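Open the structure in your viewer and keep the selection tool at hand. Each stop below says what to select and what to look for.

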Amino acid sequence: MPFFVCCVLLTKAQPQHIGNFIVKENLTQNGKLAIIAVDSAEQPLETINGTFVFNLNGFEQDLAFHDGVAVVKHPLASSTFVFFKHKNQESSVGKLYYIYKSDQALKPFKINGLLLLIIPGAFLLVGYLFKRFLTVLVILAIIYGYFHYAKGLDFSKIVESIFAGIKGFV
């Protein structure tokens, strides 16, 4: 008996924390989302039980986890973007999802935050290169126009000269 009491007093309760999670549709398909606590390999953590605070698009909700799964209280009315955020004592975890709602089911698609930076950057780069290309094209057109009207240079002569150069190179 004293050994049992010593063991109980010396053991600490390990605090539960959610370091990672995924979002899926609730199994009952009632338009509600389920948040599943997972480890770094995205395997469900069935040992997570209790109430944890999550922010959903800035609205704070207490979610009750049972065997690693919690169900969001309110169903979704339409397709939407949802940012899920959970804060532990050590760190916080936030993920952006696009939830597509069809007549039969909800389909969550995780959106990588890096894509939100890369895609607009790529559009800006293409626009910048296109602007440069147009600038070079306009300058070349002005030069061609000058040589065409003032010096008698014809576009067909330019093309023939290019083909002759290619034949001599090959």
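Predicted model: local features only at pLDDT ≥ 70, side-chain atom pairs only at ≥ 80, totals over all residues.

**Stop 1: β6 and β7.** Select residues 80–87, which form strand β6, and residues 92–101, which form strand β7. The two run antiparallel and are joined by eight bridges. Follow the chain from β6 into β7: the link is a hairpin of four residues.

**Stop 2: β8.** A hairpin through four residues leads from β7 to β8.

**Stop 3: Leu 96.** Now select Leu 96 in β7, and look across to Phe 83, which stands opposite. Then turn to β8, where the bridge partner of Leu 96 is Ile 111.

**Stop 4: the largest nonpolar core.** Select Ile 18, Phe 21, Leu 33, Ile 35, Phe 54, Phe 65 and Phe 84. These have the most contacts inside the largest nonpolar core, which has 24 residues. Strands β1 (21–25), β2 (33–37), β3 (50–56), β4 (59–65), β6 and β7 each supply at least two residues of this core. Which strand gives the largest share? It is β2, with four residues.

**Stop 5: Phe 84.** Keep Phe 84 selected and show what surrounds it. Leaving aside neighbours within four places in sequence, Phe 84 is in contact with residues including Phe 21, Val 23, Leu 33 and Ile 35. Asn 55 and Leu 56 are also among its contacts, as are Val 93, Gly 94, Lys 95 and Tyr 97.

Definitions and conventions:
Residues numbered from 1 in each chain as written. Heavy atoms only, no water. Pairing = 2+ DSSP bridges. Core = buried A, V, L, I, M, F, W, Y, C linked by side-chain atoms within 4.5 Å. Buried < 20%, exposed > 50% of the residue type's maximum accessible area, 1.4 Å probe, protein only. Contact = heavy atoms within 4.5 Å.
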